[in-house]
Amino acid sequence: THYDFADFSTQLTHALDISRPPLQTGTYYLGVYAYGSQNTAYSLTPRLYTCPNDCNVWNNQGVCNPTTHVCACNPGWTLSDCSASVTPLAQPVSYFGAPLGPLKWMYFELDISQSQYNNDVDYQVTVNVDGTAPPGVALNVYIAKDRFPSATDFDYYSTRNGDEQSLSVCSSVLYPGTWRIGVQNYGYQYFNFTLRSDVIVNCPHQCSNHGSCNLITGACTCEPGYAGNDCSVDLGVVLGGRTSVGTAVGL
């Protein structure tokens, strides 16, 4: 019950990074505890890094600068130790599924253009945990604009235990730029998750309830008898109750 760092996961490989906060002068003791009923063989490999977690260089995720002690992450990886992956999301709808290890992050990127902002778009992201995951998984979702979100730096977040997290960003604050979504496993169990990303284009006045909205273009398709970019014009009123066939009416 008394320790500075711990890994309680049930995986075959355990790793502890004690670079944050910086190592202090002194003697560090490492305890390995087998809480099963059988003898267990194991190997222990200590590493001294000049960069955080050696930039995960053995996984080809980054390279350490021995002078500045700062990682240069390879494309597709981020954080100070290059431990979190970054995946671009397609529009208007994108799906992604992956496993997420204990205390790990995974990031996603979505670019919102000026024209999309002008066209009044909303954004929604939904993360679901696979049904085979252990009960009570610890899942957090964070969103930030033009930076990678963390547990202390974000614009929007959803944090609670459960199998689903959903976040929405409405059009009035979905400013042009690169929006990044961070999925965090803050527990000690592996689980698989799926992410759904939706960019929703709002049609003018929701087509006035007289048409259908194209969520990609933001254009209304009006019902027979209605016209205008928002389907608000009742042709029966404009034509005085008369039906006009094959006639273009200027409004």
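Is Cys170 buried, exposed or partly exposed in this predicted model? Cys170 has a relative accessibility of 42% and therefore counts as partly exposed.

**View 1. Strand S12 is paired with strand S5 and with strand S7.** Strand S5, residues 93-100, and strand S12, residues 191-201, run antiparallel and are joined by eight bridges, among them the one in which Tyr95 has Arg196 of S12 as its partner. Strand S7, residues 121-129, also pairs with S12 in the antiparallel sense, in this case over nine bridges, and here the bridge partner of Asn128 in S12 is Thr194.

**View 2. A disulfide joins Cys51 to Cys64.** The structure holds six disulfides, and when the bonded cysteines of the protein chain are numbered in sequence order, their pairing reads 1-3, 2-4, 5-6, 7-9, 8-10, 11-12. In the link between Cys51 and Cys64 the S to S distance is 2.0 Å, and the torsion about the S-S bond is about 75°, so this disulfide is right-handed. The pair links distant parts of the chain, 13 residues apart, with Cys51 in the segment before S1 and Cys64 in strand S1. Cys51 counts as buried because its relative accessibility is 3%, and Cys64, with a relative accessible area of 18%, is therefore buried as well.

**View 3. A disulfide joins Cys203 to Cys213.** The sulfur atoms of Cys203 and Cys213 lie 2.0 Å apart, and with 85° about the S-S bond the link is right-handed. Cys203 belongs to the loop between S12 and strand S13 (211-213), whereas Cys213 is in strand S13, so that the pair, 10 residues apart, links distant parts of the chain. Cys203 has a relative accessible area of 3% and is therefore buried, whereas Cys213, at 27%, is partly exposed.

**View 4. Cys222 and Cys231 form a disulfide.** The sulfur atoms of this pair are 2.1 Å apart, and the torsion about the S-S bond is about -95°, so the disulfide of Cys222 and Cys231 is left-handed. Cys222 counts as partly exposed because its relative accessibility is 25%, while Cys231 is buried, with a relative accessible area of 0%.

**View 5. Phe5, Leu16, Leu30, Val32, Tyr42 and Leu44 make a nonpolar surface patch.** The patch made by these residues covers about 610 Å². One of its members, Tyr42, is placed in the segment before strand S1 (62-65), and because its relative accessible area is 56%, Tyr42 is exposed.

Key
Residues are numbered from 1 along each chain as its sequence is written. This is a predicted model: local features need pLDDT of at least 70, side-chain atom pairs count only at pLDDT 80 or more; totals for chains, interfaces and linings use all residues. Side-chain values use heavy atoms; hydrogens and water are left out. Patches are made of residues with over 30% relative accessible area and no salt bridge: like charges are joined within 9 Å, nonpolar side chains (Val, Leu, Ile, Met, Phe, Trp, Tyr) within 5 Å. Accessible areas come from the Shrake-Rupley method with a 1.4 Å probe; for residues, only the protein chains shown count as cover. A salt bridge is a side-chain nitrogen of Lys or Arg within 4 Å of a carboxyl oxygen of Asp or Glu. Helices (H or I, at least four residues) and strands (E, at least two) are DSSP runs, numbered from the N terminus. Buried means under 20% relative accessible area, exposed over 50%, partly exposed in between (1.4 Å probe, protein chains only). Two strands pair if DSSP finds at least two bridges between them. A disulfide is a pair of cysteine sulfur atoms within 2.5 Å.
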